[in-house]
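Please look first at the sequence and the structure shown here, and keep both at hand while you read. The paragraphs that follow go from strands to aromatic rings.

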2 protein chains.
Amino acid sequence: MARPEKHVFVCTQSRPPGHPRGSCAEKAGGDIMGEFGQQFEQRGLWGRFLLTSAGCMGGCDSGLVVLIYPEGVMYGNVSKEDVSAIIDEHLLGDKQVERLKVAPEVW
Amino acid sequence: MARPEKHVFVCTQSRPPGHPRGSCAEKAGGDIMGEFGQQFEQRGLWGRFLLTSAGCMGGCDSGLVVLIYPEGVMYGNVSKEDVSAIIDEHLLGDKQVERLKVAPEVW
C-alpha cells in the first residue's frame, strides 16, 4: 500500500495481572482495535488510512490510548463509542477531537 | 512523559508458520526491538525519543520494517547493524538514511 494520509495506533499492550501501571489490554484495547477495524472495513477507509496495534506509547494513566500520526495527537480513555467520533472528526474531517485529548503533561 | 521529538515503531507482527506474507517476528523483529531498546538505554535517549513495538504497518515484502514519525519514513530490511545508523543519522542527525528506505510504491 502507499503511504496513508493518517496512521492510527491503538495501544494493545498487555501486562501481568496486578501490574502497577495496569495495561491497555485490560482496558479493552482489543475491543477498540476491533471497532476501528470493523468501521475501516464497513466504511471503506483502508488504503486512505492505516490502523496498527501497538505496544506501550506512554499515557498509561490515561485509560485506553490511541495515537494518530503524522499530527502526533494522543487520545485517552477511548471507549468503543468514541471510535466513530475519531473517524468522523479527526480522520475524515481533519479536526482534532478536543474532548478526548490527553493532558499536555502526558503528551 | 512529554511528547517525543521522534517516535520509532518497530514491527514485531507474528503470524502462523508458513503464512504467505511471513512476519516481522520471523525476521527477528524482537531482536531489532531489543537492539533499539539497549541503545536507547545506553545512550540516554529515553524521554527525547520514544520506541514502541507495533503490529503490521505494511511493507511485508520489505523485510523487517521500522517506521519513524512524525516524518513518516519507513525503513526496510533493517538488521541489528543498521540500528546505530538509524539512531545516529535519523534520530540525532535529523537526516534520513536513504539506503534503508523502502521503495516509494511500498510506502
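Two strands are said to pair if DSSP finds at least two bridges between them, while helices (H or I, at least four residues) and strands (E, at least two) are themselves DSSP runs, numbered from the N terminus. This is a predicted model, in which local features need pLDDT of at least 70 and side-chain atom pairs count only at pLDDT 80 or more, whereas totals for chains, interfaces and linings use all residues. Residues are numbered from 1 along each chain as its sequence is written, chains are lettered from A and ligands numbered from 1 in the order in which they are written, and side-chain values use heavy atoms, with hydrogens and water left out.

The model scores ipTM 0.93 and pTM 0.94.

Begin with β1(A), which pairs with strand β2 (residues 49–54) of chain A in the parallel sense over 6 bridges, and here V10(A) stands opposite S53(A) in β2(A). With strand β3 (residues 66–69) of chain A, β1(A) pairs in the antiparallel sense over 4 bridges, and the bridge partner of H7(A) in β3(A) is Y69(A).

In a regular strand the side chains alternate between the two faces of the sheet. In β1(A), K6(A), V8(A) and V10(A) point one way, H7(A), F9(A) and C11(A) point the other way, and all are buried, a word that means under 20% relative accessible area, with exposed over 50% and partly exposed in between (1.4 Å probe, protein chains only).

Now turn to the rings. Rings of Phe, Tyr and Trp (its six-membered ring) pair if their centres lie within 6.5 Å, and planes under 30 degrees apart count as stacked, over 60 as edge-to-face and the rest as tilted. By this rule the count comes to 10 aromatic pairs over all chains. One of them is the stacked pair of F9(A) and F9(B), with 3.8 Å centre to centre and 5° between the planes. Because F9(A) lies in strand β1 (residues 6–11) of chain A and F9(B) in strand β1 (residues 6–11) of chain B, this pair joins two chains. F9(A) is buried, with a relative accessible area of 0%, and F9(B) is buried with a relative accessible area of 0%.

Within chain B, F36(B) and F40(B) form an edge-to-face pair, 6.5 Å centre to centre with 80° between the planes.
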